[in-house]
Amino acid sequence: MNEYIPSPSKWVADQVELYEGSGGTKGSTYIDLPVIIVTNKGCKTGAIRKTPLMKVADGDNYILIASMGGAPENPVWYNNLKADSNVEIRDGTQVYSMKAIEAVDPDERKRLWNRAVEAYPPYQEYQKKTDRIIPVFLAKPND
């Protein structure tokens, strides 16, 4: 099994530790909204990486928004998912093995984006802050 390397961002590492250390019973919200933990493999290190993201469900699927708060660059996990689409998603006490694929079809991307903004309205402001088109992934259960 690959080594887990916590995020260099202290608040991210602390939230992941609280969330996972409690088996999903604590740390599962951010500003009173639900979050999930996305676990993936680092594309450079091969290490296990864990990222809390806002929970945006689409049926049995999850929408993952690579916003990084509207920063000019994509978050590191974006490159990780492009290199290896296999992820594990912890939603509270449940853990799912999934495949996360970037939405490239314009109509599907728009549908997913609108659903994400509905769940977490600040995404709209994040898009206004950056010149890049914020990537949208759809994570689906592995067959």
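**Note on the predicted model**

By the ring-pairing rule, the count comes to eight aromatic pairs; rings of Phe, Tyr and Trp (its six-membered ring) pair if their centres lie within 6.5 Å, and planes under 30 degrees apart count as stacked, over 60 as edge-to-face and the rest as tilted.

1. Helices (H or I, at least four residues) and strands (E, at least two) are DSSP runs, numbered from the N terminus. Both Tyr78 and Phe137 are buried, where buried means under 20% relative accessible area, exposed over 50%, and partly exposed in between (1.4 Å probe, protein chains only).

2. On the basis of the values: this is a predicted model, in which local features need pLDDT of at least 70 and side-chain atom pairs count only at pLDDT 80 or more, while totals for chains, interfaces and linings use all residues. Residues are numbered from 1 along each chain as its sequence is written, and side-chain values use heavy atoms, with hydrogens and water left out.

3. Trp113, Tyr120, Tyr123 and Tyr126 form one aromatic cluster. Contact means heavy atoms within 4.5 Å.

4. The axes of helix H3 (residues 106–119) and helix H4 (residues 122–129) come within 7 Å and cross at roughly 120°. H3 is therefore oblique to H4. Angles under 35 degrees count as roughly parallel, over 145 as roughly antiparallel, 65 to 115 as roughly perpendicular and the rest as oblique. The axes are lines fitted to C-alpha atoms, for helices over the stretch in contact, and angles run from 0 to 180 degrees between N-to-C directions.

5. Strand S6 (residues 86–91) pairs with strand S2 (residues 33–41) in the antiparallel sense, over three bridges. Two strands pair if DSSP finds at least two bridges between them. Val38 has Ile89 in S6 as its bridge partner. S6 also pairs with strand S7 (residues 94–102), again antiparallel, over six bridges, and Glu88 stands opposite Ser97 in S7. S6 and S7 form a hairpin with two residues between them, and Gly92 in the turn has a positive phi of about 65°.

6. Asn80 is found in helix H2. With a relative accessible area of 4%, Asn80 is buried. Leaving out residues up to four places away in sequence, Asn80 touches Asn40, Lys41, Gly42, Cys43 and Arg49.

7. Asn2 lies in the segment before helix H1 (10–21) and counts as partly exposed, at 39% relative accessibility. Lys41 is among the residues that Asn2 touches, together with Gly46, Ala47 and Ile48, not counting residues up to four places away in sequence. The C-alpha atoms of Asn2 and Ile48 are separated by 6.1 Å, although these residues are 46 apart along the chain.

8. Asn61 is in strand S5 (residues 61–65) and is buried, with a relative accessible area of 16%. Beyond its neighbours within four places in sequence, Asn61 is in contact with Val56, Met98, Leu138, Ala139, Lys140 and Pro141.
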